[in-house]
Amino acid sequence: MNPGKRRSHRSKRLRRALEGYAFLMPNFLGFAAFTFLPVVASFVLAFYSWDMMRAAHFIGLRNFVHLLTSREFWYYFYNTVFLMIGIPIGMFLSLGMAMLVNQKLKGIVVFRTIYFLPHICVGVALYVLWVWIYNPEFGLFNQLIHFFTGLKGPAWLSDRFWAKPALIIMGLWAGAGGKSMILYLAGLQAIDPGLYEVASIDGVGAWGKFRYITIPMLGPTSFFIFVMSVIEGFQGGFDQVIVMTGGGPPPGATTTISYYIFAEAFEEQRMGYAAAVSWFLFLLVFAVTLINWRYGGRKVQY
């Protein structure tokens, strides 16, 4: 290749590279401005005390020490874990609903849409609806309890004992027909029908097919749903709590870690401490996810 053609080839490659960088630049700038820099700023802020009114001052690891020795934080951690009791129940319900809508019936698409509706509806509207359902005087739940048993129902959202189960029940209703059902439905439709035909020839009943074919073949799907549900469980609960209970009552009875971060940052104006709790939550989610992949992944048959 002569020098003139070589320079022309390099110029063309440079122009194509610059065009590529120009296309990437808007996305990169958006990521840097709204994700990367805030994450770095929150990490730095975790080592400072700042109330948004006066200048921040460096306090080292004091925020983390206060976090680890705070009884409030560990009680809110317990609340968060308690609300995650609904994860296996929700997975079981999602699998059941997926098996129902996997039937080859006329109009089954309508049922799939109806079951998926709570997942795409505006969360605040659903939470307000459930506040009415849980009303101790005229709510649907207590009306049904009184109709069938003659007993007076509990004050669901204002009772320390019943508040967290009430949130779990609401979460199961909203989540059972959501994305978990869709993932299970895709998993069910990916199973080779020949496996069930062979099992039928061998005289295997419905329970045997479910136990020895459906459950193992859905192993990867169940594992993925479980891992994602645990991550969302640690990070979730904020909008549900702020609309339905406000973190109580009594104070702190339904406060989750995510709501605690919001309260410390924007109600108590302790931005540094809120940033420390956020980073502790990130490390917690990261560690639990690693453990799930390390030990749970071995039991999944791919």
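Modeller: The account below begins with the helix and then turns to the chain as a whole.

The model is predicted, so local features need pLDDT of at least 70 and side-chain atom pairs count only at pLDDT 80 or more, while totals for chains, interfaces and linings use all residues. Residues are numbered from 1 along each chain as its sequence is written, and side-chain values use heavy atoms, with hydrogens and water left out.

Helix 6 spans residues 123-133; helices (H or I, at least four residues) and strands (E, at least two) are DSSP runs, numbered from the N terminus. Its buried residues are Leu126, Tyr127, Trp130 and Ile133, where buried means under 20% relative accessible area with a 1.4 Å probe, protein chains only. Viewed down the axis of helix 6, these buried residues fall within an arc of 110°, so they line one face of the helix; the arc is that of the directions from the helix axis to the C-beta atoms. Their cover includes helix 5 (108-120), helix 7 (140-149), helix 8 (160-175) and helix 13 (238-244).

The protein chain holds 15 helices and 2 strands. Its radius of gyration, 26 Å, is well over the 19 Å that the globule rule gives for 302 residues, so the chain is more spread out than a compact globule. That radius is taken over C-alpha atoms, and the rule is 2.2 Å times the number of residues to the power 0.38. Along the principal axes, the C-alpha atoms fill a box of roughly 90 × 65 × 35 Å. Of the 302 residues, 36% count as buried.

Methods. Buried means under 20% relative accessible area, exposed over 50%, partly exposed in between (1.4 Å probe, protein chains only). Contact means heavy atoms within 4.5 Å.
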